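This report describes the fold of a single protein model and a selection of its side-chain interactions. Please consult the sequence and the structure shown here while reading.

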Amino acid sequence: RPPPAFTIHLLQGDDVGGLEGKRRFAKVFNLATVSNQATHCLRGPAWQAILQDKATIVCEGAETMLNLHPDERTAFNLKIVELASRLGWKHEAKRRAEFKLFNGFEYPLHFLSYDAATAPTLAA
């Protein structure tokens, strides 16, 4: 059951950059999910404008991308972690390991923590 003030915003577009500067979305999100088809959106600085001071970004990994070779899936997942670290986000590998599929494999999600106080320092 969601908390009383829980709101879901379904956003689509080529980039979250279009939300930057819009008061409606300023510091609104404490949780964001990003599909593996939209990981290119992790590049922009707009996230700092729309995320609350402490937030979690859940990014879908490449495990479900069947058209990729296993080595390409690994490289794709490493790129998610690399992009996150460039923005000063922390990859929570332990949280990822907590969730298992029915067959024992890790859930194909990457948990990224954002903290406005430390992100600029970590991104340097």
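Which residues make a nonpolar surface patch of about 590 Å²?

## Nonpolar surface patch

The model is a predicted one. Its nonpolar patch of about 590 Å² is made by F99, L101, F102, F105 and Y107. One of these residues, Y107, is found in the loop between helix α3 (93-98) and strand β4 (109-115). Y107 has a relative accessibility of 37% and so counts as partly exposed, since that class lies between under 20% for buried and over 50% for exposed.

The model has an open sheet of 4 strands, with mixed pairing and the order β1-β2-β4-β3.

Strand β2, which covers residues 51-60, runs antiparallel to β4, and 7 bridges join the two. Within this pairing, V58 stands opposite F111 in β4. In general, strands of a sheet pair through backbone hydrogen bonds, and the pairing is either parallel or antiparallel.

## The segment before β1

Strand β1 spans residues 29-34, and K27 is found in the segment that precedes it. K27 is not a glycine, yet its phi is positive, at about 55°. With 39% relative accessibility, K27 counts as partly exposed.

V28 also lies in the segment before β1. Its relative accessible area is 28%, which means that V28 is partly exposed. Not counting residues up to four places away in sequence, V28 touches H9, I50 and Q52. For one of these contacts, I50, the C-alpha atom is 5.8 Å from that of V28, although the two residues are 22 apart along the chain.

## Two buried residues

Is T39 buried or exposed? T39 has a relative accessibility of 11% and therefore counts as buried. T39 is found in the loop between β1 and helix α1 (46-50). Not counting residues up to four places away in sequence, T39 touches V34, C59, E60, F76, I80 and L83.

N77 is found in helix α2, which runs over residues 70-86. N77 counts as buried because its relative accessibility is 12%, below the 20% limit for that class. Leaving aside its neighbours within four places in sequence, N77 is in contact with G61, A62, E63, R96 and H110. Two of these contacts, E63 and R96, return below as salt-bridge partners.

## Salt bridges

K54 forms a salt bridge with D115, and the closest N and O atoms of the pair are 2.8 Å apart. This pair links distant parts of the chain, with K54 in strand β2 and D115 in strand β4, 61 residues apart. K54 counts as exposed, as its relative accessibility is 58%. A further salt bridge is formed by the side chains of R96 and E63, with an N to O distance of 2.4 Å. R96 lies in helix α3, whereas E63 is in the loop between β2 and α2, so the pair ties together parts that are 33 residues apart in sequence.

The two partners fall on either side of the 20% limit for burial: R96 is buried, with a relative accessible area of 11%, while E63 counts as partly exposed at 30% relative accessibility. E63 and R96 also belong, together with E106, to a network of salt bridges.

The side chains of E82 and R86 meet in a salt bridge as well, at 2.4 Å from N to O. E82 and R86 are separated by about one helical turn, because they are 4 residues apart in helix α2. E82 counts as partly exposed, with a relative accessibility of 34%.

Note on methods. Residues numbered from 1 in each chain as written. Predicted model: local features only at pLDDT ≥ 70, side-chain atom pairs only at ≥ 80, totals over all residues. Heavy atoms only, no water. Buried < 20%, exposed > 50% of the residue type's maximum accessible area, 1.4 Å probe, protein only. Contact = heavy atoms within 4.5 Å. Patch = residues over 30% accessible without salt bridge, like charges linked within 9 Å, V, L, I, M, F, W, Y side chains within 5 Å. Areas by Shrake-Rupley, 256 points an atom, 1.4 Å probe, with all protein chains shown as cover. Salt bridge = Lys/Arg side-chain N within 4 Å of Asp/Glu carboxyl O. Pairing = 2+ DSSP bridges.
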